Amino acid sequence: MCGIIGHVGVDDVKKALINGLQTLEYRGYDSAGIAYFTGDKIKTVKTVGKVSCLKDKVNKTAGNDLATCGVGHTRWATHGGVSDTNSHPHTAGKVTLIHNGIIENYKELQDELEEKGVTPISQTDTEIAAMVINDCYTGNPEAAIRKATAKLEGAYGFCIMFSDIPETIYAVRNGSPLVAAHTDKGSIIASDMVALVSYTKHYFVLKEGHIAKMTKDEIIVRDENGEVYGPHIHHISWDVAAAKKGGYDYFMMKEIREQPEALLNTIRPRIVNGLPDFSADNVSDDIFKNVDRIIITACGTAMHAGLIGKNMIERLCRIPVTVEIASEFRYQNPIMDENTLLITISQSGETADTLAALRLAKERGAKTLSVVNVKGSSIARESDYVLYTHAGPEIAVASTKAYTVQVSVMYLIAFRFALIIGKISKSEAADYMNMMMDTVDSVDKVLSYDSQVENIAKRLTKANDIFFLGRGLDYSLSCEGSLKLKEISYIHSEAYAAGELKHGTISLITDNVPVIAVATQPDVYAKIISNVQEVRSRGAMVILVTGAEASVDTALCDHQIVLPETDPLFAPFVATVVLQYLAYYVAVEKGLNVDQPRNLAKSVTVE
């Protein structure tokens, strides 16, 4: 959700905060604001719109202010509409804070405060949090934070300044991520490493319930008991250039083209002596033993990676797998025990619903394995085992390379699992590994399809509805392709298992309605072609995506996209690039902001 940053050091903090917010803007772009110490007071500048609007306002109204300590926020609106008043930072008495998350019991707290004669001026839960902290403050910041957070229910990452304690920032979190570092430029904290990487490659994750006190000279972290805690320092392998566009118009295109490298970085370290191997991840083979049921839980794109994982695990391991939407799973009173393996998938490792599902599984004794992209994230820390994807930073809201590497890890899990329980031999596992590496070459080849897909995309920009069809692996992939299209082009799109057409869906097919049929699996190819004939006979404009071996009657479709030669089992890796390109070029043709689609944020850290 929202992007937050705090910095106290020796240089102009206003510039540092603006630069940091620009890297974090993918997390929210409804409004932005900063607050900083100048002289003996805290000054706040905030505005609706993007960080560029804030930058202009700061230059006009605060350009000459001397300041070396401050906090900044870019907002994705949850509580209260988009307005200057609802923008962060919020101030109550001596407390100024920024917030990522949602305070669930804000109304009850507001009622209590109003009984004391304290009334908010905004419609946000964040101002209520600031008021609660201020109400608890008697001169000891950490005591006030402890007392206040004990009253708060929900998710939060706070950076807090007290007007009578200059040049100091306090931070605390519950659920929402915060990473911090101390450098020769001072101390810095943010909701994402992309805001820190220009300063350092070494950082720590602030643990839930711990309070960080930041000055230009040091960061002191205290645990729930008030004891000084030495946090574990993490190291990142990518640099600031990896978080910039690299000459592309949009991050999304850059990230589409980074997929071969991301796949190699994720797969290659997990092939040892030609076999799938998780020993470097400290994932014990015991996790795959005595398992009679697997649950995969995730949200959005990650859930679609889980659908492919279900197909692969059931196909190879012959163990029942269910894929559950994390936001629904925890409220279904799910059946789990010590013979259940829960696999969670989350790019950020902070997805609130997925984290809650993980915690529920652990309470009920299930084994837990998580697939995440961020080291030290909440899901990574709380899972029994974790497999990190190595996508590097993904800035565009619409996930591309993060999704592909999630799928690759699900394949690796299926292969290792099947090998451990004796469902495939070592030679078979080695063959799969060779095919998987060959597939990376095919992904690289399909990147050259951009012009072909761009030309097809031009025919889709006026569509009101677009439908995706597929069977088996192709249906799982179609779900992701449909999501990509709708989230960045704003065209209504749905994916259907092709066999369901005659059970109601075909009534939606009329003249020139675009249908994107994915047909890469030989065992169901004839079936999907029959479905294509059905929609074609009702006037649909058909775009057919097939494997290289498929024989197609050219009259059957308006456009055919033939994938590079790939084993059908691995076709989703290659076909997904085509569907990503399609969504991208439709959005570009419509003149939309590809990286920052309306109403969406990159990381959903609230329920």
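**Aromatic ring contacts**

Reply: One aromatic cluster is formed by Tyr-411, Phe-415, Tyr-432, Phe-570 and Phe-573. The model is predicted, so local features require pLDDT of at least 70 and side-chain atom pairs count only at pLDDT 80 or more, whereas totals for chains, interfaces and linings use all residues. Residues are numbered from 1 along each chain as its sequence is written, and side-chain values use heavy atoms, with hydrogens and water left out.

Rings of Phe, Tyr and Trp (its six-membered ring) are taken to pair if their centres lie within 6.5 Å; planes under 30 degrees apart are called stacked, those over 60 edge-to-face, and the rest tilted. By this rule there are 15 aromatic pairs.

One of them joins Phe-467 and Tyr-496 in a tilted arrangement, with 6.1 Å centre to centre and 40° between the planes. Because Phe-467 belongs to strand S22 (residues 465-470) and Tyr-496 to strand S23 (residues 492-497), this pair ties together parts that are 29 residues apart in sequence. Strands here are DSSP runs of E, at least two residues in length, numbered from the N terminus. As to accessibility, Phe-467 counts as buried at 3% relative accessibility, while Tyr-496, at 22%, counts as partly exposed. Buried denotes under 20% relative accessible area, exposed over 50%, and partly exposed in between (1.4 Å probe, protein chains only).

Tyr-584 and Tyr-585 are both buried.

Definitions and conventions. Helices (H or I, at least four residues) and strands (E, at least two) are DSSP runs, numbered from the N terminus.
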